[in-house]
Amino acid sequence: MVSNNQKTARNSVYNRRVQDRQNYLNSIVKKVEKGTGLSVAELKKKYSEETLFTVALKHVTTTKKALCKALNLNIDNACRYKRRKEKDGLLVQSVDEVICRYSKHSAHLISTNPKEFEKLTHTNQLSL
């Protein structure tokens with residue numbers, strides 16, 4: 001039998017995780033808005049979803065899932081956008097996987113900011 005204190009503790013941990021995820025998504029939105037000088041609503045009016053995906057990644061380096069959740073972009077479409085931009089040399093994916101701050105799963109960071117390309121394409125793992 002689970003006591004009320006245990007239920008409260010579980011709810012507290014769950015609520016903290018939910019809040020941490022939301023704070024991370026909010027930080028992505030803030031960086032994109034600060035970098036572009038436009039709100040996400042204005043960006044969505046101005047750009048297609050694919051262009052917004054590309055523009056946003058110039059201002060934030062994150063996982064595809066986190067970006068899509070933060071900007072309310074279709075994740076399936078984002079897979080196509082990512083592939084296209086990689087082929088064109090406009091997007092780089094990290095060599096190493098990180099734990100996504102949104103999903104808490106292993107994932108690669110992505111960016112369309114050329115200043116980030118070298119950092120993402122060099123491994124942080126030690127070789128033997």
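Me: At what angle do helix 4 and helix 5 pack, and how far apart are their axes?

Reply: This is a predicted model, in which local features need pLDDT of at least 70, side-chain atom pairs count only at pLDDT 80 or more, and totals for chains, interfaces and linings use all residues. Residues are numbered from 1 along each chain as its sequence is written, and side-chain values use heavy atoms, with hydrogens and water left out. Helices (H or I, at least four residues) and strands (E, at least two) are DSSP runs numbered from the N terminus. Axes are lines fitted to C-alpha atoms, for helices over the stretch in contact, and angles run from 0 to 180 degrees between N-to-C directions. Here helix 4 (residues 64–71) and helix 5 (residues 75–87) pack at about 125°, their axes being 10 Å apart. Helix 4 is therefore oblique to helix 5; angles under 35 degrees count as roughly parallel, over 145 as roughly antiparallel, 65 to 115 as roughly perpendicular and the rest as oblique.

Me: Which residues of helix 4 and helix 5 meet?

Reply: Contact means heavy atoms within 4.5 Å. From helix 4, K64, K65 and C68 meet I75, A78, C79 and K82 of helix 5. These contact residues comprise 4 nonpolar, no polar and 3 charged. In this classification, Ala, Val, Leu, Ile, Met, Phe, Trp, Tyr, Cys and Pro are nonpolar, Asp, Glu, Lys and Arg charged, and the others, Gly among them, polar.

Me: Which residues in helix 4 are buried?

Reply: Buried means under 20% relative accessible area, exposed over 50%, and partly exposed in between (1.4 Å probe, protein chains only). In helix 4, the buried residues are A66, L67, C68, A70 and L71. After helix 4 comes N72, with a positive phi near 55°.

Me: At what angle do the axes of helix 3 and helix 5 cross?

Reply: The axes of helix 3 and helix 5 cross at roughly 65° and come within 10 Å. Helix 3 contributes E49, E50, F53 and T54 to the contact, and helix 5 contributes N77, A78, Y81, K82, R84 and K85. By class, the residues of this contact are 3 nonpolar, 2 polar and 5 charged.

Me: Where does S48 lie?

Reply: S48 is in the loop between helix 2 (40–46) and helix 3 (49–56). Its relative accessibility is 41%, so S48 counts as partly exposed. A polar contact is a pair of N or O atoms within 3.5 Å; within protein, one must be able to donate a hydrogen and the other to accept it, and residues adjacent in sequence count only if both atoms are side-chain atoms. The side chains of S48 and T51 make such a contact at 3.0 Å.
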